[in-house]
Amino acid sequence: MTEAESAAGGLVRSSGVMAAGTAVSRVLGFARNAVIVAALGTGLTADTFNVANTVPNIIYILLAGGVLNSVFVPQLVRAMRESDRGQAYSDRLLTIAGLVLLAITVVATAAAPLVITIYTPGDYSHGDVAVATTFAFWCLPQIFFYGVYTMVGQVLNARGSFGPMMWAPIVNNLVAITTGLAFLALFQVDGDEPSSLSDAAIAFLGIGTTLGVALQALVLLPVLARTGYRYRPRLDLRGSGLGHAANLAKWTLLFVLVNQIAYAVIVNLAAAAGKAAADQELPYGVGFTAYSNAYLTFILPHSIVTVSVVTGLLPRMSASAAAGRLADVRDELSAGWRLTAVGIVPAAAGFLALGPQLTGVLFGFGRANPEGAHYIGLVLAAFAVGMPVFSAQYVALRGFYALEDTRTPFLLQVAIAATNVVLALAAYAVLPLRWRVVGMAFAYSLTYIVGLVLSSAVLHRRVGGLDGARVGRTYVRLAVAAGPPAVVGWALAHLVGSAAGPGLAGSLAALTAGGVVLAGGYFLLARVLHIEEIALLLRAVGLGAPRL
């Protein structure tokens, strides 16, 4: 076996461990979201909770998450070359980042009323804003624990331990599911009247949600200790190398700031649609809860496939870039794009063809209704249009980070965010109320086409070309393999659904029929077309030596 083949096999095997953990976590995440929808519905009450529970993640990503994920992993890899295997660098990073995260958490929690005002539309009533603010007081401490989870996980990644970071969210999801089921049994809720929630109900749901995030972080600490790393607080920063990382981080902070400004606009537009639907007494929610649940479903294949592959690829790509091996960086980008496409392209086809049937099964029970569950599927289908380019853009950005270039992603994100905001505002302005959030999701898809075109053009110059012909052939062949089965699966699902009738049972029957046809047809056509990346993934489980 050649060195390249061995490296490829190592990437796929490490990605497989991470993908398995992510898959289990995301399945439980679906269960968690379904339980919350069952408990709160998809209307205005659910919107107030989901906005408040999203804000901690937004603030964490805005002020720390992007820096820790994108800047410090390459720096940790470089620090591992030192005689102490990066011990001192990791100690300083954990100390400084931990103190900064603690300060951010305290300030954000104290400023909860102001924070919620930013993310809620002006037509929310005083009572609606008060409920969202109370939820936020309980949820904002998650910022610190998200940060601890990310910091410890990235130290583990730099030391070659990839799996635990992907498996830890399972604990969070189990706690959240337990909390949601208990809430469903203990409290009564009016889906369109947030003030129907008692203080005890808000505290119960908020505390349980935050506890899950805390445990997600804490379970990584024993794993880190088993790698031989022993944390010692250090504040001696002179000559530590963190100054260089901080210089890189400023562009990443600006990148995230631009992204989150755009997201704040989207949250306000979606929440305003939800409020208008409640005022017009629509029988189901068409606001932020629909948007966020569709997005979380849309992001599942990306999280299982793309994030897992790229998490294993980034340290290797960073090492190649540090050694000046641009040809290797180019090959690793190609491998990342092609391997991720194997899962992303058929998933996009499946969401386009069977989105309403899938969400009808996931969210069609409890205090939700079939119409609301199917509406989430329409939003999901609009997101799915852009899934392949969204995933490819994620891989492209990691190429820049491996090259220690954080300025270019910021400039690219300005164009992406501006495009997203303009298209979302246009969709909200011209579409009927029922279709506004669907249009906003479609705008998101179009936005990432623009982003990928720009990113690819710049990367092409930076690394001396891209493996464009090979990557393009892979995507086209995968589309040919997935497209016809998706069309047949869509038609069959509609026939079965019409015969079975509305409701959970009808959605399940339609999804099963359409899904079997789509999956079976995809793998059959992929075999006929000899798509080598699928064979690589199969060989990773013991059917032969992988080869790119």
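**Figure 1. Overview of the predicted model.** Of the 548 residues of the chain, 59% count as buried. The model is predicted rather than determined by experiment. Its secondary structure comprises 21 helices and zero strands. Among contacts between residues at least 6 apart in sequence, 84% join residues at least 24 apart.

Figure 2. The aromatic pairs in the model come to a count of 17. One of them is formed by F144 and F145, whose arrangement is edge-to-face, with 5.5 Å from centre to centre and 80 degrees between the planes. F144 is partly exposed, since its relative accessible area is 22%. F145 is likewise partly exposed, with a relative accessible area of 22%.

**Figure 3. Close-up of the aromatic pair F383 and Y444.** The ring centres of F383 and Y444 lie 5.6 Å apart and the ring planes stand at 80 degrees, so this pair is edge-to-face.

**Figure 4. Close-up of two arginine side chains placed over aromatic rings.** The charged end of R434 sits over the ring of W435, at 4.9 Å from the centre of that ring. In the second case, the charged end of R436 sits over the ring of Y428, and the distance to the ring centre is 4.7 Å.

**Figure 5. Close-up of the packing of helices α9 and α10.** Two packed helices are described by the angle between their axes and the distance between the axes. The axes of helix α9 (residues 169-186) and helix α10 (residues 199-218) come within 7 Å and cross at roughly 165 degrees. An angle over 145 degrees counts as roughly antiparallel, and α9 is therefore roughly antiparallel to α10. The crossing of α9 past α10 is right-handed. On the α9 side, the residues that meet α10 are P169, V171, N172, V175, T179, A182, F183 and L186. Their partners in α10 are A201, F204, L205, G208, T209, L211, G212, V213, L215 and Q216.

**Figure 6. Close-up of the packing of helices α16 and α17.** Helix α16 (residues 387-402) packs with helix α17 (residues 407-430) at an angle of about 150 degrees, and their axes are 9 Å apart. This angle makes α16 roughly antiparallel to α17. The residues of α16 at this contact are Q393, L397, F400 and Y401, which meet T408, P409, L412 and I416 in α17.

**Figure 7. Close-up of the packing of helices α4 and α5.** Helix α4 (residues 87-110) and helix α5 (residues 112-119) have axes 5 Å apart and pack at an angle of about 75 degrees. Angles of 65 to 115 degrees count as roughly perpendicular, and α4 is therefore roughly perpendicular to α5. In this contact A108, T109 and A110 of α4 meet A112, P113 and V115 of α5.

**Figure 8. Close-up of V310 and its surroundings.** V310 is found in helix α13. V310 is buried, having a relative accessible area of 3%. With neighbours within four places in sequence left aside, V310 is in contact with Y394, V395 and R398. The C-alpha atoms of V310 and T340 are separated by 8.8 Å, although the two residues are 30 residues apart along the chain.

Figure 9. E281 lies in the loop between α12 (242-279) and α13 (288-322). Phi of E281 is near 60 degrees, which is a positive value in a residue other than glycine. With a relative accessible area of 68%, E281 is exposed. H530 lies in the loop between α20 (504-528) and α21 (532-543). Phi of H530 is near 55 degrees, again a positive value in a residue other than glycine. H530 is exposed, with a relative accessible area of 63%.

Conventions:
Residues numbered from 1 in each chain as written. Predicted model: local features only at pLDDT ≥ 70, side-chain atom pairs only at ≥ 80, totals over all residues. Heavy atoms only, no water. Phe/Tyr/Trp six-rings, centres within 6.5 Å; stacked < 30°, edge-to-face > 60°. Buried < 20%, exposed > 50% of the residue type's maximum accessible area, 1.4 Å probe, protein only. Lys NZ or Arg CZ within 6 Å of the ring centre and 35° of its normal. Axes fitted to C-alpha atoms, helices over the stretch in contact; angles between N-to-C directions. Helix = DSSP H or I, 4+ residues; strand = E, 2+ residues; numbered from the N terminus. Parallel < 35°, antiparallel > 145°, perpendicular 65-115°, else oblique. Left-handed = near helix turned anticlockwise from the far one by under 90°. Contact = heavy atoms within 4.5 Å.
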